[in-house]
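I opened a new notebook page for this structure.

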Amino acid sequence: MAIGSEGTDLVAYMLLFIPLEFLMTSRRVNKDGNRTRAVAVPMTVLVLFAAIKIGYQLTHKEPSYYDMLEVLPNAPYAEIKKGYRRMSLKVHPDKVMGENGEENDDASEEFRALKAAYDVLNDVQLRDLYNKFGPPGVENKDDTSGLLAGLGFFYVTWLAVAYLVTQSKAVERAQTWAFTGLLALGIFEYQATILSFDFLEDQLPQLAMFEKIELLHRVYPVFLLGARMVAWLIYQDVDTYNALVLQRLHAKTDVLLRMTRENHITVFCQGRAGMPALPAGTAGAGATGDAPWGGTLDALDATPFRPLHAANTLQGAEAAAAAKAAAGIPNKAPPQQQQQKGGRSMTSLIYFFGVYFFFQWLVGRGQ
């Protein structure tokens, strides 16, 4: 790869994902629960990291054939020929001699590389393959199916990564954005490698077509993690909000029911105040008539308040167990599958990295 490496990017950004997630969700960093600041800090870290990393990769990239001839990738053949003549005078072994007047080995090597670059750019078919795939396209000019398969491997890898890091409900909107960005990148790469159309020619004229594709590959992880942060920032848990509203409505209904009970008992007691007492054992003695809620305030106070679910009141596990006990619901342990949800996610991550490095080994073995 001329600009960075796919494997290096994957490992670097997955390691960076851990501190970014900590900065975004930790209560120690964001004590007041300000989501804007919670996203601003890790977003700044991500942008600085990506700028330094991509900037370093661009400045230390392997020079392309166009860089060796000091011409632009869209230069005509006449300009390429002039560039070759100009640069050959600088690195020709006869022009660059060693300290003892002997031939300079480094100059000879540079001249041979310059001659090879000119031979490729001076051929229409080889130049087209070089623009699309770089030096591997020239080396495998008779069969480019392996190069196309290698490009597809990038999309399979990051499709799996995007799916894994956007599984949470709070960032599920970022999954659509990540897949859309990957699709847009695939469309550009298809236009570049199959249709030979470069719509970034005016924006990045100094880079060859295959270098632009590699640069977009380096930028996509930043887009993925950034989209995840933005999705978390604008997320609103509608289900929890509705549950809390329903919980408050339930509490108000219980208060209204208590007031109705008290009014019924008061009215009943006032009505019985002027009536003679009934004999013991008579139906209705000491009763409250047809009151459906009981006849005394003690019975009313003895009835516990039962919320819809203790989790909706933002209480802990102990409060939830107490509410279940008051409601007469047995407190059963959660199913084993729910307890191992985090374990399944970790197993999926380990399985993914195992498959990734296995395919990397296969690709390297095939080459």
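My entries follow, topic by topic.

**Entry 1: the model**

I noted at the start that this is a predicted model. I kept that in mind for every value below.

**Entry 2: empty space**

I began with cavities. Rolling a probe the size of a water molecule over the atoms shows where empty space is left. How many cavities of 30 Å³ or more does a search of the whole structure find? I found one. About 40 Å³ of space lies in the largest cavity.

Next I looked up what lines the largest cavity. I listed Phe 17, Leu 20, Glu 21, Met 24, Leu 225, Arg 228 and Met 229. Two helices, H1 (6-25) and H10 (209-234), are the elements that give two or more residues to this lining. H1 gives the most, with four residues. I then sorted the lining by residue class. Five of the lining residues are nonpolar, none is polar and two are charged.

**Entry 3: ring pairs**

I turned to the aromatic rings. A pair of aromatic rings is described by the distance of the centres and the angle of the planes. My search of the whole structure gave eight aromatic pairs.

I took Tyr 66 and Tyr 130 to start. Their rings are 6.1 Å apart, centre to centre, with 50° between the planes, and the pair is tilted. Which parts does this pair tie together? Tyr 66 belongs to helix H3 (residues 65-69) and Tyr 130 to helix H6 (residues 124-133), so the pair links parts that are 64 residues apart in sequence. Are these two tyrosines buried or exposed? Tyr 66 has a relative accessible area of 1%, so I wrote it down as buried. Tyr 130 is also at 1% relative accessibility and counts as buried.

Then I checked Tyr 220 and Phe 223. Their ring centres are 6.1 Å apart and their planes meet at 40°, so this pair is tilted. Both residues lie in helix H10, three residues apart, which is about one turn of the helix. Tyr 220 is buried, with a relative accessible area of 3%. Phe 223, at 38% relative accessibility, counts as partly exposed.

I also looked for a cluster of rings. Ring pairs link Tyr 65, Tyr 66, Tyr 130 and Phe 210 into one.

**Entry 4: charges over rings**

The charged end of Arg 35 sits over the ring of Trp 232, 4.5 Å from the ring centre. The charged end of Arg 127 sits over the ring of Tyr 77, at 5.0 Å from the centre.

**Entry 5: the nonpolar core**

I went on to the largest nonpolar core, which has 29 residues. Which of them touch the most other members? I noted Leu 46, Trp 158, Tyr 220 and Leu 224. At least two residues of this core come from each of H1, helix H2 (35-59), helix H8 (145-165), helix H9 (172-193) and H10. H1 supplies the largest share, seven residues.

**Entry 6: one alanine**

Ala 227 is found in helix H10. Its relative accessible area is 8%, and Ala 227 is buried. I checked Ala 178 against it. The C-alpha atoms of Ala 227 and Ala 178 are separated by 7.1 Å, while the two residues are 49 residues apart along the chain.

How values were computed. Residues are numbered from 1 along each chain as its sequence is written. This is a predicted model: local features need pLDDT of at least 70, side-chain atom pairs count only at pLDDT 80 or more; totals for chains, interfaces and linings use all residues. Side-chain values use heavy atoms; hydrogens and water are left out. On a 1 Å grid over the protein atoms alone, a cavity is a set of points where a 1.4 Å probe fits but cannot get out, and a pocket is an open set with protein on both sides within 12 Å along at least five of seven lines; lining residues have an atom within 4 Å of a point. Grid points are joined across faces, edges and corners, and a volume is the space filled by probe spheres set on the points. Ala, Val, Leu, Ile, Met, Phe, Trp, Tyr, Cys and Pro count as nonpolar, Asp, Glu, Lys and Arg as charged, and the others, Gly among them, as polar. Rings of Phe, Tyr and Trp (its six-membered ring) pair if their centres lie within 6.5 Å; planes under 30 degrees apart count as stacked, over 60 as edge-to-face and the rest as tilted. Buried means under 20% relative accessible area, exposed over 50%, partly exposed in between (1.4 Å probe, protein chains only). A charge sits over a ring if NZ of Lys or CZ of Arg is within 6 Å of the ring centre and within 35 degrees of the ring normal. A nonpolar core is a set of buried Ala, Val, Leu, Ile, Met, Phe, Trp, Tyr and Cys residues joined through side-chain atoms within 4.5 Å.
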